[in-house]
Structure formats: C-alpha cells, structure tokens
Amino acid sequence: MKSGKAELGYKTTLKSLRSQKSKLVLISSNTPPLRKSEIEYYAMLAKVDVVHYTGSNIELGTACGKYFRVGCVSVTDAGDSDIVKSRE
C-alpha cells in the first residue's frame, strides 16, 4: 500500500461502509462467520464489492505492510492502484 487510503480493522471498516466512503472491502479467510456476514450485509447496502482474501488475517496484515493481524480492509481511495477498476 504505497498510495491511496485504506481503513484497517472491523470497526473502521463498518464506519466507512456506513458513511459511504468505502469503494472495496477485503475480508480475510479466517474472519468469524457472523462478522463476515455483517460486513457483507453493510457492503450490500452500500453497493460496495467484497473480496474474500484467500490468506489468513496474518497474511492480509503483511500484504498491507503492517506487522499485526488485519481481519478486514476497506479501500477508501485506490490511489495509483487499479484494484477497484479490476473488480468492475
């Protein structure tokens, strides 16, 4: 994540979905089912795509360039990346 903005974590992901700022949501594979379904429900209401990341929350945190676990990521500004365009 060199450019753009993203919200890391469950609470901030839900906040960005409720405020219609999110453009894409990534969920790790080992997120609890109730939490996963709640994020998917908010994303459906906000008309935002959800990507199920195949790795665990440790691998998602490493992919974000952090040294801690990340269960879900909400992309608010893609920056130079074409991750949002590739989902359309």
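Select Leu14, Leu17, Val25, Ile27, Ile39, Ala43, Ala46, Val48 and Cys72: these nine residues form the largest nonpolar core. Such a core is a set of buried Ala, Val, Leu, Ile, Met, Phe, Trp, Tyr and Cys residues joined through side-chain atoms within 4.5 Å. Buried means under 20% relative accessible area (1.4 Å probe, protein chains only). Colour by element next: H1, S2 and helix H2 (33-46) each give two or more residues to this core. H2 supplies the largest share, three residues. Helices (H or I, at least four residues) and strands (E, at least two) are DSSP runs, numbered from the N terminus.

The model is predicted: local features need pLDDT of at least 70 and side-chain atom pairs pLDDT 80 or more, while totals for chains, interfaces and linings use all residues. Residues are numbered from 1 along each chain as its sequence is written, and side-chain values use heavy atoms, with hydrogens and water left out.

Leaving out residues up to four places away in sequence, valine 48 touches Leu17, Ser22, Lys23, Leu24, Val25 and Ala43. Contact here means heavy atoms within 4.5 Å.

Step from there to serine 22. It sits in the loop between helix H1 (10-18) and strand S2 (24-27). Serine 22 counts as buried because its relative accessibility is 8%. Show the side chains of serine 22 and serine 74: a polar contact of 2.8 Å joins them. A polar contact is a pair of N or O atoms within 3.5 Å; within protein, one must be able to donate a hydrogen and the other to accept it, and residues adjacent in sequence count only if both atoms are side-chain atoms. Beyond four places in sequence, serine 22 also touches residues including Ser16, Val48 and Thr76.

Now select the second core. It is separate, has eight residues, and includes Leu26, Leu60, Cys64 and Val75. Centre on leucine 26, in strand S2. Its relative accessible area is 13%, so leucine 26 is buried. Outside four places in sequence, its contacts are Val51, Leu60, Gly71, Cys72, Val73 and Val75. Draw a C-alpha to C-alpha line from leucine 26 to leucine 8: they are 9.7 Å apart in space and 18 residues apart in sequence.

Last stop: the second largest pocket. Of its 13 lining residues, Tyr10, Arg35, Val70, Gly71 and Cys72 lie nearest its centre. The lining has five nonpolar, six polar and two charged residues. Ala, Val, Leu, Ile, Met, Phe, Trp, Tyr, Cys and Pro count as nonpolar, Asp, Glu, Lys and Arg as charged, and the others, Gly among them, as polar. A pocket is an open set of points on a 1 Å grid over the protein atoms alone, where a 1.4 Å probe fits, with protein on both sides within 12 Å along at least five of seven lines; lining residues have an atom within 4 Å of a point.

How values were computed. Buried means under 20% relative accessible area, exposed over 50%, partly exposed in between (1.4 Å probe, protein chains only).
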